[in-house]
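Keep the sequence and the 3D view side by side.

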Amino acid sequence: MSPGNDLATVFLDGESDHLPAVEHTSTTEVDRRTFLKGIGAGLLVLLTRTPAWTQESGRTFGSHDLPKDIGAWLHIARDGNVQVFTGKVEVGQNIRTSLAQLVAEELRVPFDSITMIMGNTDLVPWDMGTFGSRTTPTMGPQLRKMAAAARQVLLEMAAERWSVDVATLSAAEGRITNPATSLSLSYGNLTRGEKFAKTAPDDPALTPVETWKIAGTPVPKAEGRDFVTGRHKYPSDIARPGMMFGAVLRPDGFDATLASIDTASAEKLPGVKVVRDGSFIGVVAPDAFTAQHALSAIQAKWTVPPQPSNNGIFEYLKTHPEAGEAPPSHVSGSVSEAWDKADLKLEAQYTVEYIAHAPLEPRAAVAEWNDGKLTVWTGTQRPFGVRDELMQTFKLSQAQVRVIHPDMGSGYGGKHTGEAAIEAARLAKAAGKPVKVVWSRTEEFTWAYFRPAGLIEIRAAARYDGSLTAWEFHNYNSGPAAIGTPYVVPNQFIQFHPARTPLRQGSYRGLASTANHFARESHMDAMAHAAAIDPLEFRLKNLSEPRLRAVLQASADKFGWGKANSTSELGFGIACGVDKGGYVATCAEVVIEPKTKKARIRRVTQAWESGAVVNPDGLRNQLAGAIVQGIGGALFERILFSGGRIENPHFAQYRVPRFSDTPAIEIVLLDRKDLPSAGAGETGLVGLAPAVGNAIFAATGVRIRSMPMTSGSALNRDTGPVFRS
Amino acid sequence: MESVSGLRYAHPCIEARVDPELVMAEFQLNINSKLVKVEAPAEEPLLSVLRDRLDLTGTKYGCGEGQCGACTVLLNGRAARSCLTPISAAANARIVTIEGLADGGDLSAVQEAFLEESALQCGYCTSGMIVAATALLSRIPKPSDDQIIEAINGNICRCGTYPRILEAIKRASHWSVSGGSQ
């Protein structure tokens, strides 16, 4: 949404019960009839791109449909409570809190008076989904604008009521006050009994960040108490009257075909129904335990076709390009000419394995059919995407499907899809009752999707003085996110090569930014050593971007970079990068156990800058969490597969970071109040792996070019000499 | 390649044990200082009994294999994996779940400390973490960092909130030892 086109339209809705019915069509973005029925009396504000609405000023909106391109809306009730409606979802990244802070700030109401209504497709405006660190930079400004417009309207209403100049009035703590008379009115009282539509200023003045009182502060997590008492209901906790429990029979491998099946003994179990629908085979039972028994009682034989395994996967990805390869994303100068003339040259391959998101709450859904309308409670980063999947699967209109997202046990990019929702809906339809489906850990490890594996090939050249002259970078399959280099290099050739992946792959927190940063920053470190220049100095020498230089310096200063030299048992490494508006620099201290030669991360310092900080406590939590999560991919997470099967689909076999893996973590926040806030959920992950790899090299002289670094792949344990011409 | 599907895909709460009869039995459980009667097969794990039969959903399913700690409850004051505890084994124990830790409206010291430290992100592991920490502090009121890590290393937080959880447990320990929860 381009800021210039945003319009805030304000409805004053005094008696919602008497609203005329709103015409509903299959193309409307929400079930507005439901929405308008549900919302109570008070002030309704919508942010829209539809200019036609500016013509509605002063008229009733009763017989008109609501505008379609709506980014968000909010409602102020008579009691002063504010409901904010957005299609974004809370998955642990703390936007339920940070977005409410922004609204409270602009609307001048207490933080606690705000309730965020999120990811409920019948109530909130359409939204593509919660991913790509987009909430803070896009939804944040929309909500601020909407709240500021609402405040302006309230001020004008009070000015009209008191027949005074609006400029003499002030808004604070949910009230409009006239300092001259000491009269004041609460927002709720101000809107009582009113019923007309009005257009708010389309470009309201926003509160300067420097004067923020609620935004920019460490407000504790909204509804935090519900999480420490077990009261919060996650998707897998939802229960409905008469609900049954479903389970789905999984094939014995990917792309398997059913050879034979016998469901007789399963069907004999009390209350069990076996559901077959084409290749879909599931069971419904009165409880989860019986459902599992029924599933185990099914005798099925599968034919699984031969498939690739981890063995040779990187060569496989390089030699199996997807049809219609994309052109290079960046070409400048001539890498070959620069290469031929260079003083220092280094080329190497880097690899990353398939890894699993393994959110602690697996995929889960409860589906309920009522009079042809399907309602599904499920954990997903894309409630509207899942609604579309359900519409397609069951041939339903938008009005017939509602997806509700209870704040879930996270996703990390791994819950964009609606598998469990479709399965629960299918079983509920067959059973004629609400059905809950919760994936097992094994199912989550096997039948979800993975972060792509990838091969990255780099060749880089520099002068003896350390200035880079050439940078060629090829990424096979892992992805194009942050594939470019932030360093100043005159001759570049950078290309992503999509491949035919043997495993189902998809989004993962940070996407390929982790792989591309690991490769680039490891290679930069190797170049620094080749030039015999300190790795920090080498980076600064080739870097002009001031924001990246600032985090690099801040991280190094806090870490004490250069104050001690690495030894054979203690290594220091540094890495930096930028993606999605977040600037990050990471320093790592790695201890090498003298006997076992095992590496342990002892200390990590990370500096971060993403514009104005909305909630410093939430931001620190995200960044420290990203570092800890990054340890898994850096050191030991790897999906093992062969013959169409995942070989390590258990936490006992797929190691994730635990308390004992956690280093001391220092976060340095650079709060740039002069710059727009960017998202911070992902890019905090990318500095850890290269910083650790570089620290291991500093201690041992061994350059590990594979993630995870403990996989021991011979291809990438490169102890060979640097190429010097 | 052919194979027979069997127990490879364990479903929530359950690595099914073969019992084609599924005989229901009545059990009396002592949960959060209340006696409750529940009907379930003797082999059914306490986790699904709590969640599906008693609507005590604060205890979470994370793996069903005792590897993540999301399902931790107190059995006679000790931390136990409810996913690996058959209801028949829990029938004679004092069971405390996350729902039973707060005393009326007052949060326990550990719960309060988790809020003070903002020691959660998505919060899905939080119940298990708080219950495990409660068991630890009742056994060792002033644990060292190493003792804390040893006690809760079996609890996974995929959001990576470990440093704050560690601080929260230390804060709760400090309150308890110094004789007050605030």
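In which sense do strand 25 and strand 26 of chain A pair, and over how many bridges? Strand 25 (residues 582-592) and strand 26 of chain A are antiparallel, with 10 bridges between them. Two strands count as paired if DSSP finds at least two bridges between them. Strands themselves are DSSP runs (E, at least two residues), numbered from the N terminus.

A word on the model. It is predicted, so local features need pLDDT of at least 70, side-chain atom pairs count only at pLDDT 80 or more, and totals for chains, interfaces and linings use all residues. Residues are numbered from 1 along each chain as its sequence is written, and chains are lettered from A, ligands numbered from 1, in the order in which they are written.

Back to the pair. Strands 25 and 26 of chain A form a hairpin with 6 residues between them. In the turn, A:Lys597 has a positive phi of about 65 degrees. A:Val591 stands opposite A:Arg600 in strand 26 of chain A.

Now find another sheet order: 15-23-22-21-16-31 in chain A. These 6 strands form an open sheet with mixed pairing. Strand 15 (330-332) and strand 31 (706-707) of chain A each have a single partner strand, so one side of each lacks a neighbour in the sheet. Inside this order, strand 16 (residues 344-352) and strand 21 (residues 454-462) of chain A run antiparallel, joined by 9 bridges. A:Glu347 stands opposite A:Arg459 in strand 21.

How values were computed: Helices (H or I, at least four residues) and strands (E, at least two) are DSSP runs, numbered from the N terminus.
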